[in-house]
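Here's a quick tour of a protein model and its ligand. Have the viewer open as you read.

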Amino acid sequence: MAFLTRNEPGSQSDEPAEVATGARLIPRITIQAFCEHSQTAQLVEAAIHDRRMSKVALTTHNGGIEGAIETYKSNPTPNLILIETTLQPDQIPAALARLAEVCDASTRLIVLGHVNDVVLYRELIRSGVSEYIVLPATGQAIVSAITELFAAEGAAPIGRTIGFISAKGGSGGSTVAHNVGWAISQSLRQDVLILDLDLAFGTVGLNFNQDPPHGLADALMANQKVDQVMLDRLMSKAANHVSLLTAPVVLDRTFDFAERDFEQVIELSQKTTPVVILDIPHTWTSWVRHTIATVDEVIIVAEPDLANLRNAKNLSDTIKALRPTESEPLLVINKIGVPRRPEIPPMEFATSVECRLLGQIPFDAATFGTAANNGQMLAEVSANNRTNEVYRMIGMHVTGRNTPERATSKASSFKLPSFLRKRA
Ligand SMILES: Nc1ncnc2c1ncn2[C@@H]1O[C@H](COP(=O)(O)OP(=O)(O)O)[C@@H](O)[C@H]1O
Ligand SMILES: [Mg+2]
């Protein structure tokens, strides 16, 4: 059937789009489709065979808008929702408004409708729906709309960049970064890429029990030549939804970088993966400062002692000055309760540092030691450990998710999904 459709004289419409965007792959996004008719579900499922969709994780479900609302009351939303509706045009906007209430701010929406109605089309686009496709449509039309949205020349990068830096060497910035990355991949079922910027001593490879021959250094050395295909080759897959760009960890050369040397690799990463975690070493160089100034979120990981307090305060002041209009740095206190160690109480610490305290993690030598020695995440060695919930909560916050606690709290910073924001 696909063969017939493609060669039909009447199927002109997607030809130019296909040519214009032919070379571009859609990034590693998750798509969930809610269909009312089985033919529509088949159409969407067939679209996954298009080569532009090769990195996409797509699932189809029954139930149209109502099905989606039910699902997202208790589940995280993907990067893109495709929704078929058989509602009358005058009922569609209100139904989508109810869907918006249970969706995350970054989720995009494509509506598949049965009514060819320009007024409806305009209203939906105005309210932030990314595209309205009239059924029956070809799989090509659907893939082209997704490509246009996520891979077009001017498309906003899909990846959110989250940098972790320790206030003092050994405070646990890397451990928190890796476990938060893992937690995001498990809770949101979205692809996470972890970059080990500690080229000489990094532990991403060790902590995920991976020893790939290539990684981040190869991408940096390639200078301008690095592209998405190359980056893909250099990544190693550590788990379902977790990829790594590891550090070479060799000392036969030094790693002296200029201010903007990491910029291109980070931007490329953002184009291919929805969540990009940067494990930043505890050093202060021009490129560390520049990277911290440009990422979406910065998390300072500190132990509750005086040296950490001083450094965290310096970091916090500097980061706020570097990025006055961006989100403020967040604080995670790690290794609370080391036996016999005098400690600064976490709330006092956070007040002095003038940072929002996002998480508190107890010291647990046995469990973290086992995880580190086995090259496993905390959740793998200790599934019921309460710290897993702290990692998850940090992950939900930095990816802008509305966890139930936040949605119901008075200080909720609930953002409308993009497909309703313009109207608000
Ligand atoms: N909450 C914790 N309890 C016990 N040990 C921890 C904890 N967090 C991290 N560690 C251990 O501390 C050491 C340093 O952690 P790491 O994340 O490499 O720090 P950094 O990146 O700041 O240098 C590692 O051996 C790690 O397993
Ligand atoms: Mg580290």
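## Ground rules

This is a predicted model, so to speak: local features need pLDDT of at least 70, side-chain atom pairs count only at pLDDT 80 or more, and totals for chains, interfaces and linings use all residues. Residues are numbered from 1 along each chain as its sequence is written, while chains are lettered from A and ligands numbered from 1 in the order in which they are written.

## The sheet

Eight strands make up an open sheet with mixed pairing, ordered S8-S9-S7-S10-S6-S11-S12-S13. (Strands are DSSP E runs of at least two residues and helices H or I runs of at least four, numbered from the N terminus; pairing takes at least two DSSP bridges.) At the edges sit S8 (236–239) and S13 (356–362), each pairing on one side only.

Further in, S7 (residues 192–196) and S10 (residues 275–280) run parallel, joined by five bridges. Leu193 stands opposite Val276 in S10.

## A helix pair

H14 (residues 306–322) and H15 (residues 346–353) have axes that come within 9 Å and cross at roughly 40 degrees. (Axes are lines fitted to C-alpha atoms, for helices over the stretch in contact; angles run from 0 to 180 degrees between N-to-C directions.)

## Around the ligand

Ligand 1 is surrounded by 18 residues, the closest being Ser166, Gly172, Ser174, Thr175 and Phe368 (C-beta atom, placed from the backbone, within 6 Å). H8 (173–188), S12 (330–336) and H16 (365–374) each give two or more residues to this shell.
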